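Dear colleague,

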Amino acid sequence: MNSIIITGANTGIGFQCALKMAKLAPNEQIILACRNEQLGKDAVASIGKKTGHQYMKCLPLDLASLKSINEFTQIFSKEKHHQISTLVNNAGIQNVAETQYTEDGFELTFGVNHLGSFALTLLLLPFMNHNARITFVSSGTHDPSQKTGVPDAEHTHAKLLAYPEDTTEKALPVGQKRYATSKLCNIMTVYQLQKHLSGTNIHVNAFAPGLVPGTGLARNYPPFYKFISNYIFKVMIRFNPKMNSAKTSGENLANLAYSSDFERYNGKYFEGKKPIKSSEDSYNVSFQEDLWETSLELTGIEFSLPTNQTG
Ligand SMILES: NC(=O)c1ccc[n+]([C@@H]2O[C@H](COP(=O)([O-])OP(=O)(O)OC[C@H]3O[C@@H](n4cnc5c(N)ncnc54)[C@H](OP(=O)(O)O)[C@@H]3O)[C@@H](O)[C@H]2O)c1
């Protein structure tokens, strides 16, 4: 039996993705990798009740801690079903309050959204099937040309993203910019990972869910913004093609990550069900290489091809 791992699957888009995955893959083990184990177990019970899936469990994972990511990998390596068919890097945050840091001292949004998912993916590579699929959840906010209303993503040096200099700007726009930039990092990681995995059959893609109001992502926004997101935007979903419910986005994500309709794609950026071009900056190879090399250095992880993958 293979395993499917979905991070941040206790709520929002990740939960809906896991629910759809349980229907698509009744005979694979599905692991919900969640930082709050109880919420993860509740999600397992809820999905089990709805779908009858027999092989679902929660394992604890905090992407704001390299120790936790290492422990997750250790625990997973001892699983009976430790061959991965599918990894969905869905977990993410948007911190628009004062600057916070991960356990390892990285700025929180970059640390969780980029470095955490990067480290997890590289540590899990040895357990990937020969034709495994990896999907990173990014966002349209990474692309200034999409005019999402969020300040433009900006890749400077990856070290400055991990250890930002003091700024006099307000927390909200700084937090949004860091978020958009972390989502640019997700796409650049996909492009670099695909390059490093050429010669294998492992496929890696990025996914943008559209604007999905009412999830936990806006949890530390000021009350006025939360009200708009939870009530006004939710009503607008019906009229705005760039907005989706968590259910629609989660289903699109599960399909992209697992269904055979998408298995031929590699190194692509999807908006919902469609492969589209990502931002101009995302194709900048010197940005990509800076991010890749710096991320290896900051996480202390060495990239190595799994031995059963070459050829
Ligand atoms: N909502 C949108 O409009 C939108 C648009 C574009 C892209 N996205 C992306 O979609 C993904 C899912 O977001 P969502 O909207 O569903 O938000 P959400 O409801 O807040 O779900 C985020 C998930 O990530 C988990 N998470 C946060 N920090 C973590 C950490 N340190 N370690 C492990 N897990 C952590 C959360 O766990 P807890 O429940 O314990 O906090 C939760 O399970 C994110 O990558 C987000 O950037 C969302």
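Strand β1 (residues 3-7) and strand β2 (residues 29-34) run parallel and are joined by five bridges; strands here are DSSP E runs of at least two residues and helices are H or I runs of at least four, both numbered from the N terminus, and two strands pair if DSSP finds at least two bridges between them. Within this pair, Ile6 has Leu32 of β2 as its bridge partner.

Please keep in mind that this is a predicted model, in which local features need pLDDT of at least 70 and side-chain atom pairs count only at pLDDT 80 or more, while totals for chains, interfaces and linings use all residues. Residues are numbered from 1 along each chain as its sequence is written.

The eight strands form an open sheet with mixed pairing, in the order β3-β2-β1-β4-β5-β6-β7-β8. At its edges lie β3 (56-60) and β8 (274-276), each of which pairs on one side only.

Helix α1 (residues 12-24) packs on the sheet and touches β1, β2, β3 and β4 (84-89), where contact requires C-beta atoms, placed from the backbone, within 7 Å.

As for the ligand, 28 residues surround it, the closest being Gly8, Gly12, Gly92, Thr215 and Gly216; a residue is counted when its C-beta atom, placed from the backbone, lies within 6 Å. Helix α1 supplies the largest share of this shell, three residues.

Best wishes

Methods: Two residues are in contact if their C-beta atoms, placed from the backbone, lie within 7 Å. Axes are lines fitted to C-alpha atoms, for helices over the stretch in contact, and angles run from 0 to 180 degrees between N-to-C directions.
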